[in-house]
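Biologist: I am new to this structure and would like to learn how to read it. Could you walk me through it, feature by feature?

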Amino acid sequence: MGESVSIMLNGLNASGQAGTATLTAMGDTTLVELSLPAGALETELVHIHVGQCGETLADVAHVLANFVGGFGASVTTVDVTLDSLLTGGFAINAHQRGNPGVYTACGNIPGTGETSVQASVET
């Protein structure tokens, strides 16, 4: 496997679900591994969205594997290179089970060369 980027997924709406995401380069694809603990809310749907967490979060760019049981792990291979995600223009966003309009966790995917205390890049 190649380069990997780890980001924090910050809990939203008192969900109690702050977790992690690791994106790993696999040639023309990217392995996305998510982990969320049990919390006050349960997460189901999760996506890579265009924009950043907050007001600029926009359309879904890539659908990720749903969380089963409201928390735990989600592992997905997306048909896009890691470099194409490292633009500073994407975020991973999780949605409450049964109420997708409520966000439970979100984390910004950093741009290349961007330094952040919430992101670390390993090769």
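Modeller: Gladly! Keep in mind that this is a predicted model. Let us start with disulfides: a search of the whole structure finds one.

Biologist: What is a disulfide, in general terms?

Modeller: A disulfide is a covalent bond between the sulfur atoms of two cysteines. Here the bond joins Cys53 to Cys106, with 2.1 Å from S to S. Cys53 sits in the loop between β4 and β5, while Cys106 belongs to strand β8, so the pair ties together parts that are 53 residues apart in sequence.

Biologist: Which hand does the disulfide of Cys53 and Cys106 have, and why?

Modeller: Look at the torsion about the S-S bond. For Cys53 and Cys106 this torsion is about -95°, so the disulfide is left-handed.

Biologist: Are these two cysteines, Cys53 and Cys106, buried or exposed?

Modeller: Relative accessibility tells us, and buried means under 20%. Cys106 has 4% and counts as buried. Cys53, at 28%, counts as partly exposed.

Biologist: Thank you. How many salt bridges does the structure hold?

Modeller: The structure holds one. To read a salt bridge, look for a side-chain nitrogen of Lys or Arg within 4 Å of a carboxyl oxygen of Asp or Glu. In this model, Arg97 pairs with Glu42, and their closest N and O atoms are 2.1 Å apart. Arg97 is in the loop between β7 (87-96) and β8 (99-111), and Glu42 is in the loop between β3 (29-36) and β4 (43-50), so this pair ties together parts that are 55 residues apart in sequence. Arg97 counts as partly exposed at 39% relative accessibility, and Glu42 also counts as partly exposed, at 32%.

Biologist: Now the inside. Where do nonpolar side chains tend to be in soluble globular proteins?

Modeller: They tend to be buried together. In this model the largest nonpolar core has 23 residues, and Leu34 and Ile92 have the most contacts inside it. At least two residues of this core come from each of β1 (4-11), β2 (19-26), β3, β4, α1 (82-85), β7 and β8. Beyond its neighbours within four places in sequence, Leu34 touches several residues, including Leu9, Val46, Leu64, Phe67 and Ile92.

Biologist: How do I read the way strands sit beside one another?

Modeller: Follow the bridges between them, and check the direction of each strand. β1 and β2 run antiparallel and are joined by six bridges; there, Ser4 stands opposite Thr24 in β2. β1 is also joined to β8 by two bridges, again antiparallel, with Gly11 opposite Ala105 in β8.

Biologist: And what is the pattern of the protein, read along the sequence?

Modeller: The pattern is β-β-β-β-β-β-α-β-β-β, with one helix and nine strands in the protein. The radius of gyration is 13 Å, close to the 14 Å that the globule rule gives for 123 residues, so the protein is as compact as a globular protein of that length. Buried residues make up 41% of the 123 residues. Among contacts with a separation of 6 or more, 59% come from residues 24 or more positions apart.

Methods: Residues are numbered from 1 along each chain as its sequence is written. This is a predicted model: local features need pLDDT of at least 70, side-chain atom pairs count only at pLDDT 80 or more; totals for chains, interfaces and linings use all residues. Side-chain values use heavy atoms; hydrogens and water are left out. Helices (H or I, at least four residues) and strands (E, at least two) are DSSP runs, numbered from the N terminus. Buried means under 20% relative accessible area, exposed over 50%, partly exposed in between (1.4 Å probe, protein chains only). A nonpolar core is a set of buried Ala, Val, Leu, Ile, Met, Phe, Trp, Tyr and Cys residues joined through side-chain atoms within 4.5 Å. Contact means heavy atoms within 4.5 Å. Two strands pair if DSSP finds at least two bridges between them. A disulfide is a pair of cysteine sulfur atoms within 2.5 Å. The radius of gyration is taken over C-alpha atoms; the globule rule is 2.2 Å times the number of residues to the power 0.38.
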